[in-house]
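Hi,

Here is the structure I promised to pass on. Have a look first, and my notes follow below.

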Amino acid sequence: MISVIIPALNEAKALPRTLAALGDALAQLHASAPAFAGRQVEIILVDGGSNDATIAAAERWSAGSGHPIRVLSAARGRATQMNAGARHGSSEKILPGFMMFFGSSARLMWRIIATAPGPASSSR
């Protein structure tokens, strides 16, 4: 499982572009990086109390893209929101490339992430 955590606050305008870029990057990762082939992806948007249409923008993109987005609410503050998302993420391990954090206006640098090693074996 790859968990993508997006802390957001009043990002209704930027979020659709960010999510579209994320969808494209994930498709490229799955196609070109063996470490990611066949892995499920969860996208978690952690809203810090937006008073615009941030959540609606995420839900619209999710409905049209086929990528479900889990929306959580947390107290305002990037670190607080990132921690909330990490607590609810399903990644097997918190490793580079398997639990990713994004600002809603950031772009995924998939070429760097695509070079991440495969998952370590787990004794679970």
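The side chain of Thr54 reaches the backbone nitrogen of Glu11 at 2.7 Å, a polar contact (N or O atoms within 3.5 Å, one able to donate a hydrogen and the other to accept it; residues adjacent in sequence count only if both atoms are side-chain atoms). Bear in mind that this is a predicted model: local features need pLDDT of at least 70, side-chain atom pairs count only at pLDDT 80 or more, and totals for chains, interfaces and linings use all residues. Residues are numbered from 1 along each chain as its sequence is written, and side-chain values use heavy atoms, with hydrogens and water left out.

Thr54 sits in helix 2 (residues 54-65), a DSSP run of H or I with at least four residues. Its relative accessible area is 0%, so Thr54 is buried (under 20%; exposed is over 50%, partly exposed in between; 1.4 Å probe, protein chains only). Beyond neighbours within four places in sequence, Thr54 is in contact with residues including Ala8, Leu15 and Asp47 (heavy atoms within 4.5 Å).

The axes of helix 1 (residues 15-32) and helix 2 come within 9 Å and cross at roughly 35° (lines fitted to C-alpha atoms over the stretch in contact, angles from 0 to 180 degrees between N-to-C directions). Leu15, Pro16, Leu19, Ala20 and Gly23 of helix 1 touch Thr54, Ala57, Ala58 and Trp61 of helix 2 there.

Elsewhere, Glu42 forms a salt bridge with Arg70, with the closest N and O atoms 4.0 Å apart (side-chain nitrogen of Lys or Arg within 4 Å of a carboxyl oxygen of Asp or Glu).

Cheers

How values were computed: Helices (H or I, at least four residues) and strands (E, at least two) are DSSP runs, numbered from the N terminus.
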